[in-house]
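Biologist: Hi! Could you walk me through this structure while I have it open?

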Amino acid sequence: MDIDIVNAAVLLANFVVVPAIAYGSQLALGALGITLVYGILRFANFSHGDLMAFGTMAAILGTWQLQAWGIGLGLLPTALLALPVGIAAAVAAALAADRTVFRFYRVRRSAPMVLSIASVGVMFVLNGVVRVIVGPDDRSFSDGARYLINAREFKSVTGLSEGLSVRTSQVLTLALAVAAVAALFWFLQRTRAGKAMRAYSDNEDLALLSGVEPDRVVLLTWAIAASLAAIAGTLYGLDKSFQPFTYLQLLLPMFAAAIVGGIGQPMGAIAGGFLVAFSEIALTYPYKKFLRYVLPEDMQPDGLVQLLSTDYKLSVSFAILVVVLLWRPTGLFRGRVL
Amino acid sequence: MRANARAVIGFSVVAAALLAVGMGQSWSVSLAVFNLCLISAVMALGVNIQWGYAGLFNVGTMAFAALGGLAAVLVSQPPVHDAMAAGGAGLLAAVAMTCLAAGSVWLACRLLPRGRPRALGIAAAAVAGYFAVAAFFDPAVEAIEAVDPSTSGYLGGLGLPIMLSWAAGGLLAAGAAWAIGRVALGLRADYFAIATLGISEIVIAVLKNEDWLARGVKNVTGLDRPVPYEIDLQQAGWFLELVRVLNSDALAGLAEAEYAAALRELTVEASGIFVKLCYAGLFLAVLLIVLALSERALRSPWGRMMRAVRDNETAAEALGKDVYRRHMQVFVLGSAVVGVAGAMLVTLDGQFTPNSYNPLRFTFLIWVMVIVGGSGNNLGAVLGGFIVWLSWIEAEPLALWAVDALTAAMAEGDPIRVRLVEAAAHVRPILMGTILLLVMRFSPRGVIPETVGR
Amino acid sequence: MSHLTGDGMHGGYGGADILRGCTVSVDKGEIAVIVGPNGAGKSTAMKALFGMVRLREGDVRLAGESIARLTPQDRVKLGMAFVPQSGNVFTTMTVQENLEMGAFLRRDDISASMERVFDLFPVLKEKRRQTAGELSGGQRQQVAIGRALMTQPDVLMLDEPTAGVSPIVMDELFDRILEVRQAGIAVLMVEQNARQALAIADRGFVLVTGENRHTGSGQALLANPEVRRSFLGG
């Protein structure tokens with residue numbers, strides 16, 4: 001019986017907890033970018049998913065080039081080395097979009113809706129550029145050691161009947177996400193520029209009266225949001241695979257995470273990211289095998305015991321969004337903006 | 001420039017472009033583009049009712065187009081009696097269980113004291129409800145999907161003429177819009193946008209996944225047609241005669257054998273064109289009806305009030321206008337129009353393919369049409385539908401042609417040339433985004449600006 | 001020659017002029033108070049001095065130089081500080097961070113200024129780690145004034161600093177403002193509580209429909225029977 005409980009726990013860890021932590025970190029990084037732009041530039045940026053795709057694409061091209069030169073990181077994926085390229089490209093794209101599109105409306109103090117619609121235009125352009133450059137198909141660019149913990153080895157070492165596998169990309173995702181978030185919070189809480197961003201987000205007029213340069217704040221916001229997007233996108237691509245259209249679809253769970261956590265609140269975006277990821281995976285996981293371990297013989301279920309079919313994965317994030325909006329419209333973390 | 005002049009010029013340019021396509025590519029292609037232009041125009045009218053009249057930022061157009069398409073299947077396909085017998089009762093029971101579960105959640109909401117007891121009660125009712133519904137639903141679905149899965153495996157439809165589905169598509173979309181509006185319309189404008197985007201993805205997920213309803217990703221093909229089939233036309237005496245008369249010059253003086261072959265070829269081509277013309281007539285009729293109704297609504301006191309709500313929600317509310325109800329009205333009406341267009345599209349395609357619905361093509365592109373054409377102006381939305389669909393569909397051949405011209409000097413298999421040809425296929429979104437951004441920036445009121453006084 | 005002078009100001013928010021030839025001025029080490037009925041253009045006059053309202057006519061001079069064309073941000077750099085009536089603190093930032101934001105443009109050591117603000121408003125020192133949104137109305141006003149003082153201004157402009165606070169807190173705030181004057185700062189404020197404000201004012205301006213109706217020292221205006229009858233309730 002005891003060993004069954006351990007097996008059940010390993011099973012859940014393998015199929016729910018580990019993947020959800022990786023996916024949640026990716027969503028959290030993306031949602032942070034959305035929430036920053038929302039909190040400071042005050043519009044819902046529909047181009048964020050494609051900005052992510054753009055940065056990832058640059059990282060992939062860099063990876064291919066490095067691989068062609070025979071440069072690698074051994075056990076770690078080469079993409080890690082190419083990440084700065086992706087970040088630079090995403091930041092450049094975001095700043096170019098701001099220069100050519102968003103600034104015009106910001107200076108005229110257009111309604112947020114106008115900026116959102118303009119971001120749809122940017123989304124189209126970025127989407128097309130990515131597809132022109134790398135094509136619409138799946139691109140795989142992960143290399144290095146695939147598994148940090150291999151299911152078979154885990155079984156033979158522990159003697160359990162369930163295996164636990166942890167991919168390098170999953171550990172890398174968590175490590176990079178923690179590092180990025182720590183750096184972001186340090187920046188926002190401790191540095192002059194970070195405080196200026198928080199002040200601007202809190203009370204734009206008063207920030208201006210205090211001498212905060214709006215152009216600098218906007219520039220920093222784009223740079224940070226785009227960097228996080230490139231990191232999130234590259235990690236997602238390493239963990240799953242890169243296909244431009246998938247990134248457009250990631251927009252929805254990222255928005256859900258940002259809103260669920262409370263717009264303009266970094267902590268909320270992170271919590272929202274993990275909430276969405278865990279719900280998506282936990283609700284679409286078939287619990288048949290799990291229940292076989294924990295329930296007595298005569299209570300074994302016949303079906304898969306899957307609460308929702310896997311095809312509804314993306315819908316889960318939205319369902320959470322609606323419930324939170326109706327139940328607590330300010331999001332889970334209220335009262336603290338940036 | 002007056003709005004009328006702009007409209008005349010705009011439509012002339014579109015007509016010239018369609019003629020150019022007809023002469024450059026083929027008349028069949030030109031007519032195919034024209035038909036999709038008409039459908040796009042109807043969709044754009046629907047979005048214009050929401051955004052142009054009332055400032056409602058609905059990014060869920062895709063869902064309503066797909067629901068219209070679903071209606072085409074449910075109305076026109078013959079019923080599958082075996083499936084009905086296998087799972088109909090189970091489905092009905094599942095529906096009853098759903099009502100029961102919803103009722104008990106509602107009761108728990110109402111009767112239990114606030115706080116923990118209520119939360120627990122609601123959770124218990126919801127979980128019990130879920131399993132009760134699943135107990136009936138899952139076996140019923142399994143039974144239905146087991147009936148001849150390679151060709152049917154779903155409940156089928158009502159076996160009625162497909163033209164009826166255009167109205168049914170509107171009704172279905174309107175009903176869905178009402179339900180969605182109940183949840184989402186209370187939200188802030190930007191949250192509403194994200195909410196509708198999300199709901200539209202859910203609707204598509206349901207259509208892809210619920211095979212018992214419309215076969216999901218296995219698609220429903222060979223839908224009924226409101227117009228004759230090419231193959232029948234090619235055998236009809238009157239049609240052959242018509243082809244003969246219309247082409248008497250080309251056919252004159254040909255020898256027996258050549259004559260038959262030439263006639264055969266002309267008939268095949270003409271039958272295709274004839275069918276497309278029939279569709280064009282039907283779609284044009286719908287477009288004109290919707291346009292006339294929209295125009296009347298826009299100029300009525302109702303339309304004036306709508307614009308008042310759009311231009312200043314707070315003031316309108318202060319004057320005692322029920323903003324929520326007004327928004328609900330336009331949301332339902334606009335979605336219904338999109339639903340009609342969605343049914344028309346599936347009718348034209350002759351098949352329902354849930355996989356083809358993606359937000360870029362069915363939501364954001366329609367938005368581009370409205371903004372390019374001129375938000376708030378019905379004629380503008382129609383023109384926007386034409387211009388944007390034309391550029392969307394012709395961007396690829398034009399880009400290919402440009403690449404060809406640029407790389408004419410290169411060898412056939414040159415990797416750069418191959419790469420460029422591949423890339424040319426994806427310039428569409430770039431073009432669309434650029435058009436949208438340029439219009440927003442330099443002509444924010446669109447090609448034909450709103451004319452009614454604000 | 002006063003340190004800050006708004007001379008014959010005409011202007012408004014587009015449309016009809018709200019200010020119609022209004023003149024206000026304040027010198028270092030003085031308190032000047034603008035009073036008048038609702039809609040007289042008191043706050044507008046203040047905003048015009050700070051460059052937040054376009055002037056159609058007239059001039060604003062600081063230390064003898066015209067600053068009428070400068071942005072509000074540039075006026076901050078020249079030593080003017082403004083405390084708006086509402087939204088005058090960063091509610092999500094701590095008290096200390098609010099004060100730091102006041103000193104945003106300064107590159108020197110701000111700890112001495114911070115200590116002075118804490119001396120002036122001891123309660124802020126206690127609550128320095130709390131977010132400003134959690135404070136009471138009077139405490140928020142102290143944060144707002146403290147934030148403005150962190151810029152080391154020559155001119156401190158307060159738009160209705162006592163709006164919505166209790167009479168005891170109001171007296172307390174006026175006492176603090178007197179202390180600010182002693183530091184040699186020019187204090188210009190708009191006040192609803194005209195009697196109490198004029199009592200501490202070196203100069204007073206009574207505005208009606210955008211024009212100066214009465215001008216004089218605080219004591220003189222308090223003694224003026226017409227001012228008392230029309231604006232001070234007898």
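This is a predicted model: local features need pLDDT of at least 70, side-chain atom pairs count only at pLDDT 80 or more; totals for chains, interfaces and linings use all residues.

Biologist: Let's begin with chain C. Which domains is chain C divided into?

Modeller: There are two in the assignment: domain 1 covers 1–78 + 156–161 + 188–234, and domain 2 covers 80–152 of chain C. The C-alpha centres of these two domains of chain C lie 25 Å apart.

Biologist: And how many residues of domain 1 of chain C are in contact with domain 2 of chain C?

Modeller: 13 residues of domain 1 of chain C, and they meet 12 residues of domain 2 of chain C. On the domain 1 side, helix H1 (42–50), helix H2 (72–77) and strand E7 (155–159) of chain C each give two or more residues.

Biologist: What classes do the residues on that domain 1 side of chain C divide into?

Modeller: On the side of domain 1 of chain C that touches domain 2, eight are nonpolar, one is polar and four are charged.

Biologist: Nice. Now the sheets. In what order do the strands of the four-stranded open sheet in chain C come?

Modeller: The order is E2-E1-E4-E5 of chain C, with antiparallel pairing. Strand E2 (19–26) and strand E5 (65–66) of chain C have a single partner strand each, so one side of each has no neighbour in the sheet.

Biologist: How many bridges join E1 to E4 in chain C?

Modeller: Six, between strand E1 (residues 4–11) and strand E4 (residues 55–62) of chain C, which run antiparallel.

Biologist: Do E3 and E9 of chain C run parallel or antiparallel?

Modeller: Parallel: four bridges join strand E3 (residues 31–35) to strand E9 (residues 203–208) of chain C. Across that pair, Val35(C) stands opposite Val206(C) in E9(C).

Biologist: Switching to chain B: at roughly what angle do the axes of H16(B) and H17(B) cross?

Modeller: Roughly 125°, where the axes of helix H16 (residues 359–373) and helix H17 (residues 378–406) of chain B come within 7 Å. That angle makes H16(B) oblique to H17(B).

Biologist: Is the crossing of H16(B) and H17(B) left-handed or right-handed?

Modeller: Right-handed. Residues of H16(B) in the contact include Leu365(B), Val368(B) and Met369(B), while those of H17(B) include Ile387(B), Val388(B) and Trp392(B). The contact of H16(B) with H17(B) has 11 nonpolar, four polar and no charged residues.

Biologist: Last topic, the chains together. How many residues of chain A are in contact with chain B?

Modeller: 32 residues of chain A are in contact with 35 residues of chain B. H4(A) gives the most to the chain A side, with 15 residues. By class, that side of chain A has 23 nonpolar, seven polar and two charged residues.

Biologist: And which elements of chain A each supply at least two residues to the side that touches chain C?

Modeller: Helix H7 (192–202) and helix H8 (204–209) of chain A. The contact takes 16 residues from chain A and 18 residues from chain C, and H7(A) gives the most to the chain A side, with five residues. The side of chain A that touches chain C has seven nonpolar, four polar and five charged residues.

Note on methods. Residues are numbered from 1 along each chain as its sequence is written. Chains are lettered from A and ligands numbered from 1 in the order in which they are written. Domain bounds come from an automatic or database domain assignment. Two residues are in contact if their C-beta atoms, placed from the backbone, lie within 7 Å. Ala, Val, Leu, Ile, Met, Phe, Trp, Tyr, Cys and Pro count as nonpolar, Asp, Glu, Lys and Arg as charged, and the others, Gly among them, as polar. Two strands pair if DSSP finds at least two bridges between them. Axes are lines fitted to C-alpha atoms, for helices over the stretch in contact, and angles run from 0 to 180 degrees between N-to-C directions. Angles under 35 degrees count as roughly parallel, over 145 as roughly antiparallel, 65 to 115 as roughly perpendicular and the rest as oblique. A crossing is left-handed if the near helix is turned anticlockwise from the far one by less than a right angle, and right-handed if clockwise.
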